[in-house]
Every structure is written in C-alpha cells, then in structure tokens.
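This report goes through selected features of one protein chain. Please keep the sequence and the structure at hand while reading.

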Amino acid sequence: MTKLLVVATGNPGKLNEMQAYLGGIDVKLQLKPDNLEVEETGKTFLENACLKASEVAKATGEWAIADDSGLAVDALGGMPGVYSARYASTDSDRISKLLKELETAADRSAQFICAIAISRPDGSIVQQVQGICPGVIAQTPQGQGGFGYDPIFYVPEQQMTFAEMSPELKRKISHRGKAFDLLLPQLSALLKG
C-alpha cells in the first residue's frame with residue numbers, strides 16, 4: 001500500500017528531487033499546505049530538519065519528511081551554514097558575497113551538508129541522517145547547471161563544480177544523494193510500521 005509522505009516544503013522542485021531519490025519506495029509525496037510555515041530556529045541543519053518534519057507531521061496528521069541543507073565554509077567558521085539561503089537576497093548576490101569574503105583566504109575548503117528527518121503523524125522523529133559532500137570554493141563561478149552555490153562549489157575528485165555536472169552525477173555524489181543513501185535502507189521498513 002502506498003504511504004503518503006508530506007514534504008516540509010512549498011517548493012515543487014524540491015519535491016521532484018526527493019521523488020527521484022525515493023523512486024524505488026512505495027510512497028506518494030505531497031507538498032505541505034501553503035499556509036503552514038515553520039520557523040527554522042535550529043542551530044544546525046539536523047535541528048532544522050527535525051523541527052520542520054515534526055511540525056508538518058503534527059499539523060497534517062500524516063508522516064512527514066524534511067531536509068535542511070547548506071554550505072559550510074571552513075575559513076568562515078562554518079558560515080553561511082544554516083543561513084545559506086538567507087546569506088544575501090539572490091543566488092548571484094550570495095555567490096558574490098562569499099567570493100568577496102574569501103578573497104584573501106588561503107583555505108577554501110568547504111562542504112555541502114544535507115540533513116533529512118522523518119516524523120510520524122504525532123510529531124515524533126523516527127529517522128534522521130546527514131550527508132556531507134566535501135569540496136572547495138572555486139575562484140570564479142563555473143558551469144550553467146544547478147542552483148544556489150553550485151557554480152562555485154568545486155569537487156576535486158570530479159574536477160568540476162556542481163554546476164558543471166550532469167544532474168545524474170550531482171544526484172549521486174552530492175550531500176543530498178549521500179543523505180538519501182543513508183536513509184533509504186531504513187525507510188521502507190519504517191513506513192510499513
């Protein structure tokens with residue numbers, strides 16, 4: 001029997017991305033109600049993912065899944081971190097601001113982090129995972145694909161930025177891909193219970 005899983009986002013793109021990762025599991029994903037806003041007050045990606053999953057599950061009375069992700073730059077003490085989306089007003093402004101702050105930095109290492117949490121309808125968190133993709137911040141944007149910080153997030157093993165990768169390759173090696181790899185083995189059993 002197909003299990004409904006409410007995604008704690010209003011973004012159809014994120015729902016489609018999750019659907020691609022969950023392709024082999026018998027779940028139907030649904031966006032959270034438009035009027036349901038959850039304030040992200042957590043200090044970590046995992047805290048925010050748990051908060052969103054729990055609140056959406058309690059509000060809808062359904063199982064819920066939430067993720068929280070962002071970029072952590074070593075030379076900036078882990079910033080922009082949980083503020084990645086709010087670091088500046090647009091993707092290009094965020095990239096410009098980050099590159100400016102790293103102008104004199106010798107260490108450009110960074111990692112993309114994705115935390116995912118699943119909640120029962122009563123709001124109790126039953127699963128939480130975190131995937132990390134290490135990389136470095138490129139000197140200049142490269143590539144046309146992806147979104148957000150993808151044009152400046154360079155993955156040395158692949159010798160390209162996220163924005164230069166095919167969607168399939170990015171999905172496989174990204175922080176989100178790694179988080180779903182950790183989540184999937186337990187998810188099927190979890191949803192049966």
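## Basis

The model is predicted.

## Packing of α1 and α5

Two packed helices are described by the angle between their axes and the distance between the axes. Here the pair is helix α1, residues 12–21, and helix α5, residues 175–192. Their angle is about 50°, and the axes lie 10 Å apart. Angles under 35 degrees count as roughly parallel and those from 65 to 115 as roughly perpendicular, so α1 and α5 are oblique to each other. The crossing of these two helices is right-handed.

On the α1 side, the residues making the contact are Lys14, Glu17, Met18 and Tyr21. Helix α5 contributes Arg176, Gly177, Phe180 and Leu184. Sorted by class, the contact of α1 with α5 comprises four nonpolar residues, three charged residues and one polar residue.

## Annotated binding site

An unreviewed UniProt entry carries the annotation "binding site" for Glu39 and Asp68. These positions are spread over 30 residues of sequence, yet they cluster in space, with a largest C-alpha distance of 12.2 Å. Of the annotated residues, Asp68 is included in the lining of the largest pocket.

Where in the chain does glutamate 39 lie? Glutamate 39 is in the loop between β2, residues 27–31, and α2, residues 45–60.

## Backbone geometry in two loops

Which form does the peptide bond from methionine 79 to proline 80 take, cis or trans? This bond is cis, and its omega is near 0°. Proline 80 belongs to the loop that runs between β3 (63–73) and α3 (91–101).

The other point concerns glutamine 159, where phi is near 55°. That is a positive value in a residue other than glycine. Glutamine 159 is placed in the loop between β6 (153–155) and β7 (160–161).

Notes: Residues numbered from 1 in each chain as written. Predicted model: local features only at pLDDT ≥ 70, side-chain atom pairs only at ≥ 80, totals over all residues. Heavy atoms only, no water. Axes fitted to C-alpha atoms, helices over the stretch in contact; angles between N-to-C directions. Helix = DSSP H or I, 4+ residues; strand = E, 2+ residues; numbered from the N terminus. Parallel < 35°, antiparallel > 145°, perpendicular 65-115°, else oblique. Left-handed = near helix turned anticlockwise from the far one by under 90°. Contact = heavy atoms within 4.5 Å. Nonpolar A, V, L, I, M, F, W, Y, C, P; charged D, E, K, R; others polar. UniProt positions renumbered as here; feature names shortened; annotations may be inferred. 1 Å grid on protein atoms, 1.4 Å probe; cavity = no way out; pocket = protein on both sides within 12 Å on 5 of 7 lines; lining within 4 Å.
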